[in-house]
Amino acid sequence: MSASPVQPARDLLGLQGLSGDDVTALLDAAADMKKRSKEGRVKLDDLAGRTACLLFFEPSTRTMNSFAAAARALSADVVVFTAGSTSATAKGETLVDTAANLEAIGADVFVLRHMSSGAPHLLAKWLREMRRDVPAPGVVNAGDGWHEHPTQALLDMMTLREHFDRLRGLKVAILGDILHSRVARSNVWGLTACGAHVTLVAPPAWIPEGYESLRATDDVAGTVSVSSDINEVLGKSDAVMALRIQKERLGGEPGPSGGAFAAELGLTAERVRSTGPKCVIMHPGPINRGVELASEVADSEQSIILKQVANGVFVRMAMLAMCARGAKAGKKA
Ligand code: NCD
């Protein structure tokens with residue numbers, strides 16, 4: 001983040017380094033949006049006359065449509081760019097040139113998803129340097145490579161906080177391909193900043209080296225630990241988040257077969273029975289049914305997956321409004 005989120009911040013680049021108070025302020029802003037919009041039934045005018053430009057260089061169903069819905073719910077105009085065979089990316093145009101051209105068409109805030117870790121940081125820096133005399137658009141990270149996915153983690157935390165009425169002391173297991181997951185990284189930083197205890201469950205090859213550094217550095221922060229014994233962890237968790245194998249990030253390695261993964265780590269109905277009925281099941285989507293998550297578990301009463309998706313709109317409304325306000329605050333007289 002370029003500034004404390006309690007003040008107007010122009011960019012939301014990640015949750016790493018934020019304090020528990022910072023993360024709580026972001027969650028409170030999302031809860032406030034949910035309340036003000038009467039759970040999405042009322043359109044607000046916070047971004048009337050502003051344009052949100054969504055730049056998606058990787059596939060997306062939930063995140064892109066959730067940002068678009070959030071921008072519209074705040075009365076913004078929305079421009080959507082998806083890199084692919086019909087865009088000039090296929091002709092060799094760079095990210096920065098793409099953004100510069102879309103800004104010339106009109107953009108007050110960019111939302112960027114990119115396969116390269118650090119791409120939103122690069123874009124934010126470039127915009128600041130190039131646009132010294134006028135307010136530069138804010139940048140919201142919608143997922144950069146294996147690095148961060150801050151709005152996903154915030155919607156996960158918002159849903160947990162609504163369900164349990166707290167984050168401090170909660171025991172959250174994150175299970176699956178942690179190494180390649182930006183969702184896992186942002187969640188560990190955000191959850192531990194708020195005092196939750198996270199256990200990463202995966203074979204050693206899928207645990208990032210130095211995983212302890214994913215923990216927030218605040219004195220009061222929660223903990224992060226590792227286990228390869230799924231059954232033991234399930235019995236002790238308040239929430240279990242399953243992650244799919246990030247095949248697109250395996251660099252040509254075949255990775256485990258769906259069957260092998262399901263046998264070792266899959267959340268089957270039988271495994272979930274050992275959690276007790278109060279444990280909630282989460283997933284950022286897209287689900288590979290029958291691999292990391294059995295269908296009957298995904299659709300069970302314990303699943304809060306669609307509540308996560310619904311809360312995503314309020315998180316993104318709050319973050320778009322914050323970054324647009326930040327850009328306005330940066331305006332030169
Ligand atoms: C995640 C992502 O793109 O990182 N999905 C999402 O944004 N809802 C997780 C994934 O793709 O596995």
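**Ground rules.** I'm working with a predicted model, so I kept local features to pLDDT of at least 70 and side-chain atom pairs to pLDDT 80 or more, while totals for chains, interfaces and linings use all residues. Residues are numbered from 1 along each chain as its sequence is written, and side-chain values use heavy atoms, with hydrogens and water left out.

**Domains.** I looked up the domain assignment, whose bounds come from an automatic or database source. It gives domain 1 (11–148 + 311–329) and domain 2 (151–309). Their centres, taken over C-alpha atoms, are 25 Å apart. For the contact (heavy atoms within 4.5 Å) I noted 34 residues from domain 1 and 29 residues from domain 2.

**Cores.** Next I went for nonpolar cores, meaning sets of buried Ala, Val, Leu, Ile, Met, Phe, Trp, Tyr and Cys residues joined through side-chain atoms within 4.5 Å. Buried is under 20% relative accessible area, exposed over 50%, partly exposed in between (1.4 Å probe, protein chains only). The largest core has 94 residues, and those touching the most other members include Leu154, Leu160 and Leu320. Helix 11 (residues 305–329) gives the largest share, 11 residues. Both domain 1 and domain 2 contribute, so this core lies between them. Another core, of 17 residues, lies apart from it, with Leu95 and Leu123 among them.

**Sheet.** Helices (H or I, at least four residues) and strands (E, at least two) are DSSP runs, numbered from the N terminus; two strands pair if DSSP finds at least two bridges between them. I traced an open sheet of five strands, parallel, in the order 8-7-6-9-10. Strand 8 (224–227) and strand 10 (280–282) each have a single partner strand, so one side of each has no neighbour in the sheet. Helix 5 (residues 150–164) packs on the sheet, touching strand 6, strand 9 (239–242) and strand 10, and makes about 170° with the direction of strand 10. Axes here are lines fitted to C-alpha atoms, for helices over the stretch in contact, with angles from 0 to 180 degrees between N-to-C directions.

**Aromatics.** How many aromatic pairs are there? I count one, taking ring centres within 6.5 Å, with planes under 30 degrees apart as stacked, over 60 as edge-to-face and the rest as tilted, for Phe, Tyr and Trp (its six-membered ring). Phe57 and Phe81 are tilted, at 5.4 Å centre to centre and 50° between the planes. Both Phe57 and Phe81 are buried.
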